[in-house]
Amino acid sequence: MILPIYNCFNPILRNKTNDIKDISDDTVRFINDMIETMYNADGIGLASNQVGDKRSIIIIDDTNDENSNRKPIVMINPVIVSSSEEQSDYKEGCLSIPQYYEIVTRPSEIEVEFIDKNGNNKKIRAGDLLARVIQHEVDHLNGILFFDRITPLKKALAKSKLRKIELNKVIPHYDMMSATNHVIKGIED
Ligand code: ZN
């Protein structure tokens, strides 16, 4: 089931999510809904609170592979346990902040611990785009948005654009949940 994606000004995007103790059938269904929702929106990452849920789960597919053998990465209760001193710049976007992109500086490499969808504890080292997406999505689980990490000047310059997003004047091709919990139907361009 495709779920509406919550606008970054909806309060749920500012709440921390909760770790999961066991992976119930309902959680498995929810993970499948998250995967379907992310691909429908042409995203490369999605965090649970972006679809209005408080279970700590992120979905990632940075491969840009449009064919049928897509392999989304599911991370349950992810925690970044180490970050490189080396940093890199990358222009980020977010499904909850439609049509807004800005350069964010983050550590180039990270290590992340998580539980996979089969319930196994995992620890991986990631670099490049994967490290970038993991950090962006784990930020979501902690109530942090990428524009919190840009310079005050850049944020000031983006003020009117962000205000338009808050007022649902920027409508993407997928359905969104507004800041005040109304579903805004997506429009294909
Ligand atoms: Zn995001």
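The model is predicted, so local features are described only where pLDDT is at least 70 and side-chain atom pairs only at pLDDT 80 or more, while totals for chains, interfaces and linings use all residues. Residues are numbered from 1 along each chain as its sequence is written, and side-chain values use heavy atoms, with hydrogens and water left out.

Helices (H or I, at least four residues) and strands (E, at least two) are DSSP runs, numbered from the N terminus. An open sheet of three strands has the order β1-β9-β10, with mixed pairing; two strands pair if DSSP finds at least two bridges between them. β1 (5-6) and β10 (183-184) each have a single partner strand, so one side of each lacks a neighbour in the sheet. Strand β9 (residues 176-177) runs antiparallel to β10, joined by two bridges, and Met 176 has Ile 184 as its bridge partner in β10.

Asn 10 lies in the loop between β1 and α1 (25-40). With 3% relative accessibility, Asn 10 is buried (under 20% relative accessible area, 1.4 Å probe, protein chains only). Not counting residues up to four places away in sequence, Asn 10 touches Met 177, Ser 178, Ala 179 and Asn 181 (contact means heavy atoms within 4.5 Å).

Helix α2 (residues 128-141) has 14 residues and should span 20 Å, which agrees with the 21 Å between its end C-alpha atoms; the expected span is 1.5 Å times one less than the number of residues. In α2, 12 of the 14 residues are buried, among them Leu 130, Arg 132 and His 136. Gly 143, with a positive phi near 80°, follows α2.

Technical notes
Buried < 20%, exposed > 50% of the residue type's maximum accessible area, 1.4 Å probe, protein only.
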